[in-house]
Structure formats: C-alpha cells, structure tokens
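Subject: Handover of a structure and its findings

Dear colleague,

Please find the structure below, together with its sequence. I would be grateful if you would read the notes that follow with both in view.

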Amino acid sequence: MPKPVFIDEDACDGCSICYSTFGCPAIGVKPGGKAFIHNELCNGNGSCIQVCPVQAIKRPAPAKAPAGSPTGGVKEQG
Ligand code: SF4
C-alpha cells in the first residue's frame, strides 16, 4: 500500500475543501482550520492531492533505491 500523503502545514490555508467538500475520512481538521492526515485511515491513493488549491497535500518522497539495485539509486518517476 502506498505511504500516506501529508499536509504541508505552512502551505495549508485552511480553506476546508479537502475535509468538507472532498470529504475523505482520512483528512481531519485542526483547531484553527488547517488540515491533517489520519495516517491509519489514509490508503495513499493521493486523490486528495488534486483538490487542494495551494498544493498543500503532498506525497512523501520515495525511498532511495539501494546502490546496485535495478534502478541504481535513480529517482523513480510517478
Ligand atoms: S484543501 Fe489544501 S489548503 Fe484547503 S484545507 Fe485542505 S490542505 Fe489546507
């Protein structure tokens, strides 16, 4: 299963689109209105990334491949 997404708190302006309109149960709201991710509920599909108008919902960087692996430590696309 993909890793949970995360919220960049500096970028989030608390517009509420992700937790009110989009309505994923894995997205919660902090006092003050900024969003956060319930990691235990997030399936990592990333559909919420599209709804944030300020790109505050992000995917964690992929783990680096070990040296000598088929990808040779080169960052994978997608
Ligand atoms: S849609 Fe983006 S800016 Fe709006 S509350 Fe969610 S994470 Fe924050």
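Helices (H or I, at least four residues) and strands (E, at least two) are DSSP runs, numbered from the N terminus. Under this definition, Gly32 lies in the loop between strand S2 (27-29) and S3. The structure is a predicted model, in which local features need pLDDT of at least 70, side-chain atom pairs count only at pLDDT 80 or more, and totals for chains, interfaces and linings use all residues. Residues are numbered from 1 along each chain as its sequence is written.

Overall architecture

The chain contains one helix and four strands, and their order along the sequence is β-α-β-β-β. Of its 78 residues, 17% are buried; a residue is buried if 20 or more other C-beta atoms lie within 10 Å of its own, exposed if 12 or fewer, and partly exposed in between, with C-beta atoms placed from the backbone. Two residues are in contact if their C-beta atoms, placed from the backbone, lie within 7 Å. Among contacts with a separation of 6 or more, 56% join residues 24 or more positions apart.

The core

The largest nonpolar core has twelve residues, among them Val5, Cys18, Cys24, Ile27, Cys48 and Ile57. Such a core is a set of buried Ala, Val, Leu, Ile, Met, Phe, Trp, Tyr and Cys residues joined through C-beta atoms within 7 Å. Leaving aside residues up to four places away in sequence, Cys48 touches Val5, Cys18, Phe22, Cys24, Ile27 and Ile57.

The ligand

The ligand is surrounded by 14 residues, of which Cys12, Cys15, Cys18, Cys52 and Ala56 are the closest; a residue counts here if its C-beta atom, placed from the backbone, lies within 6 Å. This shell comprises eleven nonpolar residues, two polar and one charged. Ala, Val, Leu, Ile, Met, Phe, Trp, Tyr, Cys and Pro count as nonpolar, Asp, Glu, Lys and Arg as charged, and the others, Gly among them, as polar.

Loop residues

Most residues other than glycine have a negative phi. Ser16, however, has a positive phi near 85°. Ser16 sits in the loop between strand S1 (6-7) and helix H1 (17-22), and is partly exposed because it has 14 C-beta neighbours inside 10 Å. Gln55, also not a glycine, has a positive phi of about 55°. Gln55 belongs to the loop between strand S3 (35-37) and strand S4 (57-58), and counts as exposed because 11 other C-beta atoms lie within 10 Å.

Yours sincerely
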